[in-house]
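Look over the sequence and the structure first, then read on.

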Amino acid sequence: MGHNLLKGKRGLIFGALNSSSIAWKVAERAYEEGARFILTNAPVAKRLGEVEELAKACETEVIYADATNLDDLEMLINLSLEKLGGKLDFVLHSIGMSPNVRKNIPYDNINYDNYLKTLDISALSLHKILQICRRYDAINEWGSVVALSYIASTRTLFGYNDMADAKAALESIVRSFGYIYGREKKVRINAVSQSPTITTAGSGIKGFNSLFDFSNRMSPLGNATAEECADYCITLFSDLTRKVTMQTLYHDGGFSSMGMSEEAMTQYDKSFEECD
Ligand SMILES: NC(=O)c1ccc[n+]([C@@H]2O[C@H](COP(=O)([O-])OP(=O)(O)OC[C@H]3O[C@@H](n4cnc5c(N)ncnc54)[C@H](O)[C@@H]3O)[C@@H](O)[C@H]2O)c1
């Protein structure tokens, strides 16, 4: 049920690929809360076709753009302003991809061309979006930008590979640009650090099922779902969180504050029993 939290607001949502995508859930919730927005994804997403269904359900359209390509982004942002009939109030950056992860290339024998692509797609794209938005003054005062992150930015989780470095850069861009955009235009920029979530990007990570189960057992509230993540993003787009900026906000059921839980210890003990 909607509460009109985003009534009258205009937005741009990056990263809805299929119905498991976090951005898909955010779009559904934003629509429910009265927002109007443009959906965007990389041109390759067009072939998969599903995002058009979401656009229909949300009474909007998809503008395809590669978030690493400055010309594409310039076109996207200007066309979005035109189609929405005014400046943006919120932007969701829900973009992540590592060719090294995809190809199972380990961190200690990494392919550097792929590494640069990971950083460009998963981190620099946020900088590019913000720089172009600022150039065209595309975001209203008190507008809100949210980028999705993961705790591997600050803690080592085996298998997360170069995406960990990308998330560290992403969170730093949130702070650095958050200062500039906040000071000048009162635009707030935050990262939401989400629990492992079963999506196309998530399931590509080596050992994802173990990671998912581990953090679920460790978190007092359990892993946060994509739907719950969408709810949280809506609050950050709303006027109820106007002084929150430059933060990495953990949306993880408490995982980030835990060291060891009873549930995880029970499971760990079982593995010792098997060894005896
Ligand atoms: N799934 C998880 O476990 C998890 C946990 C924490 C954070 N995140 C983050 O959430 C975000 C969304 O991922 P998701 O889990 O919903 O998976 P997803 O695969 O559904 O979304 C990733 C999106 O990035 C898009 N993308 C890739 N390259 C692009 C490009 N060049 N230009 C534009 N778009 C491009 C993809 O098309 C896709 O829509 C990512 O930043 C991811 O790292 C995911």
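By class, how many residues of the shell around the ligand are nonpolar, polar and charged? The shell has 14 nonpolar residues, 12 polar residues and 1 charged residue. The model is predicted.

**Ligand shell**
- The ligand is surrounded by 27 residues.
- Ser21, Gly96, Thr199, Ala201 and Gly202 are the closest of these.
- Three elements each supply at least two shell residues: α1 (22–32), β5 and α8 (200–203).
- Helix α8 gives the largest share, 3 residues.

**Strand β5**
- Strand β5 spans residues 139–149.
- Of its 11 residues, 8 are buried, so the strand is largely enclosed by the rest of the structure.
- For this count, a residue is buried if 20 or more other C-beta atoms lie within 10 Å of its own.
- Strand β5 also supplies at least two residues of the shell around the ligand.

**Pairing on β5**
- Strand β4 (residues 88–93) pairs with β5 in the parallel sense, over 5 bridges.
- In this pairing, leucine 88 stands opposite isoleucine 139 of β5.
- Strand β6 (residues 188–194) also pairs with β5 in the parallel sense, over 6 bridges.
- Here valine 146 stands opposite asparagine 190 of β6.

**Crossover**
- From β5 the chain passes through helix α7 (residues 163–185) to reach β6.
- This β-α-β crossover is right-handed.

Technical notes: Residues are numbered from 1 along each chain as its sequence is written. This is a predicted model: local features need pLDDT of at least 70, side-chain atom pairs count only at pLDDT 80 or more; totals for chains, interfaces and linings use all residues. A residue is buried if 20 or more other C-beta atoms lie within 10 Å of its own, exposed if 12 or fewer, and partly exposed in between; C-beta atoms are placed from the backbone. Helices (H or I, at least four residues) and strands (E, at least two) are DSSP runs, numbered from the N terminus. Two strands pair if DSSP finds at least two bridges between them. A crossover is right-handed if, with the strands pointing away from the viewer, the path from the first strand over the helix to the second runs clockwise. A residue is near a molecule or strand if its C-beta atom, placed from the backbone, lies within 6 Å of it. Ala, Val, Leu, Ile, Met, Phe, Trp, Tyr, Cys and Pro count as nonpolar, Asp, Glu, Lys and Arg as charged, and the others, Gly among them, as polar.
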